[in-house]
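Take a first walk through this model.

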Amino acid sequence: MITPRTKEKLVDWQVLYDNLAPRLTDMPQFTADHKALGDVLAQARDLEKAQETATAQLRDINQQRRTLVKQGKDLRSRLGLGLKGVL
C-alpha cells in the first residue's frame, strides 16, 4: 500500500513538474530532468494502479479461501456425523 508520506512526495513532484512546464522555454537546461521527472511520475502512477489491482485480487482470493474453509467445515461435519450414525 502506498504510504501517506510517499503520496505526499508524489504530489510535491507533480506540483514541481506542472509549475516548471510553462517556464521551460526560459530555462531549457531543465528540460531533460523535467522529462525524467514526468517519466518517474508516470511509472509511479502505473505502479499505484498495479498495487490497487493486486490488493483487490488479494481480497478476492481471501474471500474465496474463507468460503472454501466454511464449505470444508460443513462437509467434514456432515461426513463425521454420517459416519457416527453408520458405525
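Contact here means heavy atoms within 4.5 Å. By that rule, L20 touches M27, F30 and H34, leaving out residues up to four places away in sequence. Keep in mind that this is a predicted model.

Now place L20. L20 is found in helix 1. Its relative accessible area is 17%. Buried means under 20% relative accessible area, so L20 counts as buried. One of its contacts, H34, is itself among the buried residues of helix 2. V69 sits 49 residues along the chain from L20, and their C-alpha atoms are separated by 55 Å.

Step back to the elements. The protein chain has two helices and zero strands. Helix 1 covers residues 4-20. Helix 2 covers residues 31-86. Helix 2 has 56 residues, and from its first C-alpha to its last it reaches 82 Å. That is close to the 82 Å expected at 1.5 Å a residue.

Where do the buried residues of helix 2 pack? They pack against helix 1. The set consists of H34, L37, G38, L41 and E48.

Start with L41, which lies in helix 2. Its relative accessible area is 3%, so L41 is buried. Which residues does L41 contact, leaving aside its neighbours within four places in sequence? They are L10, W13, Q14 and Y17. L41 and I2 are 39 residues apart along the chain, and 14 Å separates their C-alpha atoms.

Next comes E48, also a residue of helix 2. Its relative accessibility is 16%, so E48 counts as buried too. E48 touches I2 and K7, again not counting residues up to four places away in sequence.

For contrast, turn to R5. R5 lies in helix 1. Is R5 buried or exposed? The cut-off for exposed is over 50%. R5 has a relative accessible area of 60%, so R5 is exposed.

Finally, look at the whole chain. Its C-alpha atoms fill a box of roughly 90 × 20 × 15 Å along the principal axes. The radius of gyration is 26 Å. A compact globule of 87 residues would have one near 12 Å. Helix 2, with its 82 Å reach, can be set beside the 90 Å side of that box.

How much of the chain is buried? Buried residues make up 9% of the 87 residues. The accessible surface of the chain comes to about 7,600 Å². Carbon and sulfur atoms account for 61% of it.

The chain carries 15 positive and 11 negative side chains. The centres of the two sets lie 17 Å apart.

Key:
Residues numbered from 1 in each chain as written. Predicted model: local features only at pLDDT ≥ 70, side-chain atom pairs only at ≥ 80, totals over all residues. Heavy atoms only, no water. Helix = DSSP H or I, 4+ residues; strand = E, 2+ residues; numbered from the N terminus. Buried < 20%, exposed > 50% of the residue type's maximum accessible area, 1.4 Å probe, protein only. Rg over C-alpha atoms; globule rule 2.2 N^0.38 Å. Areas by Shrake-Rupley, 256 points an atom, 1.4 Å probe, with all protein chains shown as cover. Lys, Arg positive; Asp, Glu negative; His and termini not counted. Charge placed at Lys NZ, Arg CZ, Asp CG, Glu CD. Expected span 1.5 Å × (residues − 1).
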